[in-house]
Amino acid sequence: MREETQATDTVFRPGRIDDVETIHAAILKLGSHIGAPEEIISTADDLRTWGFGEKPAFSTLIAEVGGEFAGLCLHFPTFSTWMGRPGVYVQDLYVEDRFRGRKIGERLLRRVAAQCRKDGGVYLRLSVDTDNEGAKAFYERLGIAWSSYEQTQKIIGDAFFAFADAPENGEQE
């Protein structure tokens, strides 16, 4: 995505490796905002390795107002076998408190969706923390609706490692 400036002096640009500390700080603030700072175990080095290494696992779109970091949308491609088409998954959307109310979050999402569509994508997917009523209302207002037929499941940490390393994983011994 190319850098764009709006009349409000907001610039939207792809995240760069030199943004890693800022991206990580925003994720930490997001964790605190939803009341779960202890859930954030990633480090800036993790983001540097997995987002800006040889095979990036995610992309970021950053918003700046007057040269100052205002927010970000961290996302990655996904694919629907049911639709037979690609889409985009938004992992994190964050806007600094002092820049809220300027539609920066909406504009970040719309730009990510537009790039996905340009690349042949047909959908945007994200998860919302169960107790984050403000985020739910924000997404609903944009037409990003709650899916009544899906529920997110996950396995993490030691339970994931045990699951992945179990003899039943199908690998030949």
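Let's start with a term: buried means under 20% relative accessible area, exposed means over 50%, and partly exposed is in between, using a 1.4 Å probe and protein chains only. This is a predicted model, where local features need pLDDT of at least 70, side-chain atom pairs count only at pLDDT 80 or more, and totals for chains, interfaces and linings use all residues. Residues are numbered from 1 along each chain as its sequence is written, and side-chain values use heavy atoms, with hydrogens and water left out.

Now, salt bridges. That term means a side-chain nitrogen of Lys or Arg within 4 Å of a carboxyl oxygen of Asp or Glu. The structure has 13 of them.

Take K29 and E96. Their closest N and O atoms are 2.9 Å apart. K29 sits in helix α1 and E96 in the loop between β5 and α3, so this pair ties together parts that are 67 residues apart in sequence. Helices here are DSSP runs (H or I, at least four residues), as are strands (E, at least two), numbered from the N terminus.

Which of the two is buried? E96 is, at 8% relative accessible area. K29 is partly exposed, at 39%.

Next, E106 and R141. They form a salt bridge at 3.6 Å, N to O. E106 is in helix α3 and R141 in helix α4, 35 residues apart. E106 is buried, at 9%, while R141 is exposed, at 54%.

Last one: K136 bridges to E133, with N and O 3.2 Å apart. These two are 3 residues apart in helix α4, so about one helical turn separates them. K136 is partly exposed, at 30%.
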